[in-house]
Amino acid sequence: MPADNDRLTDDSVNAVSATWEDIEKAAPALSRPIRRRARREIADRIARRPTTQIVLG
């Protein structure tokens, strides 16, 4: 799904939302400690990513 404002319509947002809800319903329930651990691991991975600097000029 492109994140392009020219192509982003209410229908495409609704389609993504409906798909996300279907995935959530089908996914197994996770305990709170497992969710916390997963969030921490994701945050750590994001924090370790090299940053890209954009130079305008």
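1. How many salt bridges does the count come to? The count comes to one salt bridge, a term that here requires a side-chain nitrogen of Lys or Arg within 4 Å of a carboxyl oxygen of Asp or Glu. The model is predicted, with local features needing pLDDT of at least 70 and side-chain atom pairs counted only at pLDDT 80 or more, while totals for chains, interfaces and linings use all residues. Residues are numbered from 1 along each chain as its sequence is written, and side-chain values use heavy atoms, leaving out hydrogens and water.

2. The salt bridge joins E41 to R37, with the closest N and O atoms 3.0 Å apart. Because E41 and R37 lie four residues apart in helix α2, about one helical turn separates them. E41 is partly exposed at 34% relative accessibility, whereas R37 is exposed at 52% (buried means under 20% relative accessible area, exposed over 50%, partly exposed in between, with a 1.4 Å probe and protein chains only).

3. Helix α2 has 17 residues and reaches 24 Å from its first C-alpha to its last, close to the 24 Å expected at 1.5 Å a residue, the expected span being 1.5 Å times one less than the number of residues. None of the 17 residues of α2 is buried. In the protein chain there are two helices and zero strands, taken as DSSP runs (H or I, at least four residues, for helices; E, at least two, for strands).

4. On the surface, R32, R35, R36, R39 and R40 gather in a patch of positive charge, where patch residues have over 30% relative accessible area and no salt bridge, and like charges are joined within 9 Å. R35 is found in α2, which covers residues 32–48, and R35 counts as partly exposed at 34% relative accessibility.

How values were computed:
Patch = residues over 30% accessible without salt bridge, like charges linked within 9 Å, V, L, I, M, F, W, Y side chains within 5 Å. Areas by Shrake-Rupley, 256 points an atom, 1.4 Å probe, with all protein chains shown as cover. Lys, Arg positive; Asp, Glu negative; His and termini not counted. Charge placed at Lys NZ, Arg CZ, Asp CG, Glu CD.
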